[in-house]
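Reader: Could you walk me through how to read a few features of a protein model? I would like the general idea, and then the case at hand.

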Amino acid sequence: MNQLVIELKNIEKSYQNKDILQIENLKVYENQKIGIVGRNGEGKSTLLKLISGEIKPDIGEINTKIDFQYYRQIESEIQPDFTKIDAEYLSRLNVPEHNIQHFSGGEQTRMRLAEYFSIYHFGLMMDEPTTHLDREGIQFLVDQLKYYYGTLIVVSHDRYFLDEVVDIIWEIHEGKITVYNGNYSDYQVQKEQERIEQENAYENFLKEKNRLKKAAKVKQAQADKLNQVSTKQKNKAVNPGRLGSSKQKDTVQKAAHKAAKAIEKRVEQLDEVDQLQTDKIIQFPTPKLLEIHNDFPIMGQDVTIKKSDKVLFHEMNFQFPLGKRIGIVGPNGSGKSTLLQHILEEGSGITLSKKVVFSTYKQMAYQLSGEKSMVDYLMEDTEFTEPIVRSVLNNLGFNQGEVSTKAISDLSGGEATRLVIAKLFTDPSNVMILDEPTNFIDVQTIEALENLMKSYNGTILFTSHDQYFTKNIAEQIWEINNQKLELIEY
């Protein structure tokens, strides 16, 4: 058996009187590759910081047998030591030679990874390492970690990465950690099995509860009938024969009452099984005024786009069909975001249907203000009914109590991002544009976003380096290649 390298015992950690993690016993063995999943704010990064020793638990102990190199999610400044960076990694990751201060987010991530992998460690911890990476960068990371000989603990929302790299999933939910063997797809199969078992258990619980209630009702009815008979007997003239008969009926009546009470007690003693909360499929009605009859509401002819002195697109032609989910892919710096902005502005060479109404999403740190509730905030601009708005919020993980009472100014960063996604789908539109929507959101929100996108009746253009997301969503995939757009999958 492999050597034990980490053990967490009776861990409790809270912030501002809110319990974040409660871990009874958790072990990590040599050469395991562990992926951590859970909603934003559930404590994924906190767990890594506890293991690294960066923060201490309120209660409990953490024993580590090896040193872990820690790749943090956000670095305030990049100050690489080039004397310690393997030139081969710089080359393989296409790290540019220009001034570090001018590096894009993707270039900064590549530099950090080159430095991270230049020195071998027996233990690696990584917090969202795929953020800002394009497909080539993610594939480098997959190849590097797939054959890494050591112990890996990684937080990631990239399901393709988790499928390719890890062999154990830790799910954090409400402070508890559940361990699942296998990669992300294996985890999904096990979660589905749990869902089916939960549904069956709830169905069996209801059947047994209803059966017992019915039996108790029958027994009680029998007791009530005997009580009526007994009362009539008592009102008649009493003789020795009738008295014996009355006493016998009283005994039977009491037995029936006792049986009814015993059955009711069994109902109370049944182990309660919670009903599984499932997301309902939302049907977004399309307002008549937003209906488009043009088969190609977005077209480009001889589109040329420059950024500074760099030509990103040269005399490019394309037609995006009505009602399709269209993914645009390409490496960092190829012009995906620039193209989306050019379409939004109906720039040179772009022809839009006159009825196009855009709804757009750009990943950023959202800070909402005001005392409105989430429902009131969304109802201001939407044409949908309140039940549809509430369904969207429910699908994105908000409970019905907080959507009516919690002020939008009190939302956390993750909650604000989910509310912005909700607004994206509830505001009037017939063309939706999403630029890297999966960056910084958790797996559960990504899956909820996928369901909403599949329910949307309009046309969707999106960019993403998340291969799993693109494969699940796109009905057409266009790739940027040699300053052109090429339709590669449909």
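Predicted model: local features only at pLDDT ≥ 70, side-chain atom pairs only at ≥ 80, totals over all residues.

Reader: Let's begin with the cores. How many residues does the largest nonpolar core have, and which of them have the most contacts inside it?

Author: In soluble globular proteins, nonpolar side chains tend to be buried together. Here the largest nonpolar core has 42 residues, and Leu393, Leu419, Phe425, Leu434 and Met453 have the most contacts inside it. Two or more residues come from each of α9, α10 (386-395), α12 (413-426), β15 (431-435), α13 (443-455), β16 (459-463) and α14 (467-473). Among these, α12 gives the most, with 7 residues.

Reader: Which residues is Met453 in contact with, leaving aside its neighbours within four places in sequence?

Author: With those neighbours set aside, Met453 is in contact with Arg325, Phe425, Leu434, Ile460, Phe462, Phe469 and Ile473. There is also a second, separate core of 35 residues, which includes Leu90, Ala114, Leu141 and Leu145.

Reader: Now for helix packing. What are the angle and the axis distance for α3 and α4?

Author: Two packed helices are described by the angle between their axes and the distance between the axes. Helix α3 (residues 105-117) packs with helix α4 (residues 135-146) at an angle of about 15 degrees, and their axes are 12 Å apart. Angles under 35 degrees count as roughly parallel, so α3 is roughly parallel to α4. The crossing of the two helices, α3 and α4, is left-handed.

Reader: Which residues make that contact?

Author: From α3 come Arg110, Leu113 and Phe117, while α4 brings Glu136, Gly137, Phe140, Leu141, Gln144 and Leu145. By type, the residues of this contact of α3 with α4 divide into 5 nonpolar, 2 polar and 2 charged.

Reader: Let's turn to the loops. Is Ser369 buried or exposed?

Author: Exposed means a relative accessible area over 50%. Ser369 has 63%, so it is exposed. Ser369 sits in the loop between β14 (358-362) and α9 (374-379). Not counting residues up to four places away in sequence, Ser369 touches Ile408 and Ser409. The C-alpha atoms of Ser369 and Glu12, which are 357 residues apart along the chain, are separated by 33 Å.

Reader: And where is Gln79 placed?

Author: Gln79 lies in the loop between β5 (68-71) and α2 (87-92). Its relative accessibility is 64%, so Gln79 counts as exposed. Between the C-alpha atoms of Gln79 and Gly123, 44 residues apart along the chain, the separation is 23 Å.

Terms used. Residues numbered from 1 in each chain as written. Heavy atoms only, no water. Helix = DSSP H or I, 4+ residues; strand = E, 2+ residues; numbered from the N terminus. Buried < 20%, exposed > 50% of the residue type's maximum accessible area, 1.4 Å probe, protein only. Contact = heavy atoms within 4.5 Å. Core = buried A, V, L, I, M, F, W, Y, C linked by side-chain atoms within 4.5 Å. Axes fitted to C-alpha atoms, helices over the stretch in contact; angles between N-to-C directions. Parallel < 35°, antiparallel > 145°, perpendicular 65-115°, else oblique. Left-handed = near helix turned anticlockwise from the far one by under 90°. Nonpolar A, V, L, I, M, F, W, Y, C, P; charged D, E, K, R; others polar.
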